[in-house]
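The points are grouped by topic.

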Amino acid sequence: MSLDVILLVLFGAFLHATWNAIIKAGTNKSLDAALVSAGGAVAAMPFLAFLPLPQPAAWPFIGASAILQFAYFQLVAAAYRAGDIGLVYPLMRGCAPLLITATSGFVLNESLSGGALIGTMTICAGILTLAFEARHGSRHAIMLALVNACVIASYTYVDGIGARISGNAISYTLWMALLPPVLLFAWAIGRHGLFTVAVHVRYNWWRGLLGGSGSIASYGFALWAMTKAPVATVAALRETSILFALIISVVVLKEKASVWRYIAGAVIALGGLILKLG
């Protein structure tokens with residue numbers, strides 16, 4: 001991977017950690033997830049007129065991605081309600097690139113170099129190390145996190161392929177962002193009622209706009225990188241977001257970090273170095 005691709009994916013990982021922290025700090029995780037998704041759509045709309053439409057072959061992938069993104073946000077909210085974020089987040093984000101690394105050979109016919117494979121596995125090991133520090137969790141939370149890891153791997157494949165055949169990865173990303181919030185808000189209104197949803201939007205719209213802008217930019221960087229480098233490698237490097245989450249939790253939120261967090265941070269950083277050298 002070239003240095004510019006690595007730096008852009010790392011910046012996207014920082015944005016990913018930031019919007020996840022915004023959802024974590026909210027009072028209603030399901031509605032905040034819908035707001036973040038909607039914020040991404042609002043951020044995308046002004047740019048659509050200046051970009052070419054994705055190639056016709058990419059539209060089925062955009063539709064499939066919207067359904068998978070809906071499932072992803074629902075599972076994120078459910079998993080955070082069921083278990084501690086210190087357990088759920090590493091499992092979701094750590095297992096997904098492991099699944100992609102294990103299957104990308106026959107799904108995409110991609111082969112990783114020895115250095116890329118070692119770097120990918122090192123990053124995944126560092127992320128999963130964070131699960132050891134979790135004090136609260138349940139079998140239900142673990143199952144939700146593992147199911148969501150499968151969803152993450154699935155939409156990564158769908159969007160990695162879709163971005164490549166779309167002719168323009170940025171255009172694909174922005175069009176892909178429009179449908180998930182429609183599904184999420186339809187679900188939220190059906191479950192909570194229009195009045196409750198409207199009140200939450202009125203007082204928390206800024207949260208969605210800020211988080212959504214970071215979310216769409218983060219994923220756009222990753223999809224662009226997938227047109228330049230193997231999907232499995234980009235997916236693993238993107239999960240360094242957990243390292244940025246560690247920094248945010250300690251420096252901004254003033255949370256105490258166990259030794260496992262620092263060990264994991266060192267392992268993740270080592271994996272990123274191996275990817276660059278590989």
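Predicted model: local features only at pLDDT ≥ 70, side-chain atom pairs only at ≥ 80, totals over all residues.

Phe 14 has a relative accessible area of 35% and is therefore partly exposed. Phe 11 is likewise partly exposed, at a relative accessible area of 42%.

**Aromatic pairs**

- The rings of Phe 70 and Trp 187 form an edge-to-face pair, because their planes stand at 70°, with the centres 6.0 Å apart.
- This pair joins distant parts of the chain, as Phe 70 belongs to helix α3 (residues 59-82) and Trp 187 to helix α8 (residues 179-192), 117 residues apart.
- Trp 187 is partly exposed, with a relative accessible area of 46%.
- A cluster of Tyr 72, Phe 73, Tyr 155 and Tyr 219 is linked by ring pairs.
- The count of aromatic pairs comes to 7.
- Among them is the pair of Phe 11 and Phe 14, which is stacked, at 6.4 Å centre to centre and 25° between the planes.

**Crossing of α2 and α9**

- Helix α2 (residues 29-48) and helix α9 (residues 194-226) have axes that come within 6 Å and cross at roughly 55°.
- The two helices, α2 and α9, are therefore oblique to each other.
- The crossing of α2 and α9 is right-handed.
- Residues making the contact include Leu 31, Leu 35, Gly 39 and Gly 40 of α2, and Val 197, Asn 204, Gly 208 and Gly 212 of α9.
- By class, 9 nonpolar, 9 polar and 2 charged residues make up the contact of α2 with α9.

Note on methods
Residues numbered from 1 in each chain as written. Heavy atoms only, no water. Axes fitted to C-alpha atoms, helices over the stretch in contact; angles between N-to-C directions. Helix = DSSP H or I, 4+ residues; strand = E, 2+ residues; numbered from the N terminus. Parallel < 35°, antiparallel > 145°, perpendicular 65-115°, else oblique. Left-handed = near helix turned anticlockwise from the far one by under 90°. Contact = heavy atoms within 4.5 Å. Nonpolar A, V, L, I, M, F, W, Y, C, P; charged D, E, K, R; others polar. Phe/Tyr/Trp six-rings, centres within 6.5 Å; stacked < 30°, edge-to-face > 60°. Buried < 20%, exposed > 50% of the residue type's maximum accessible area, 1.4 Å probe, protein only.
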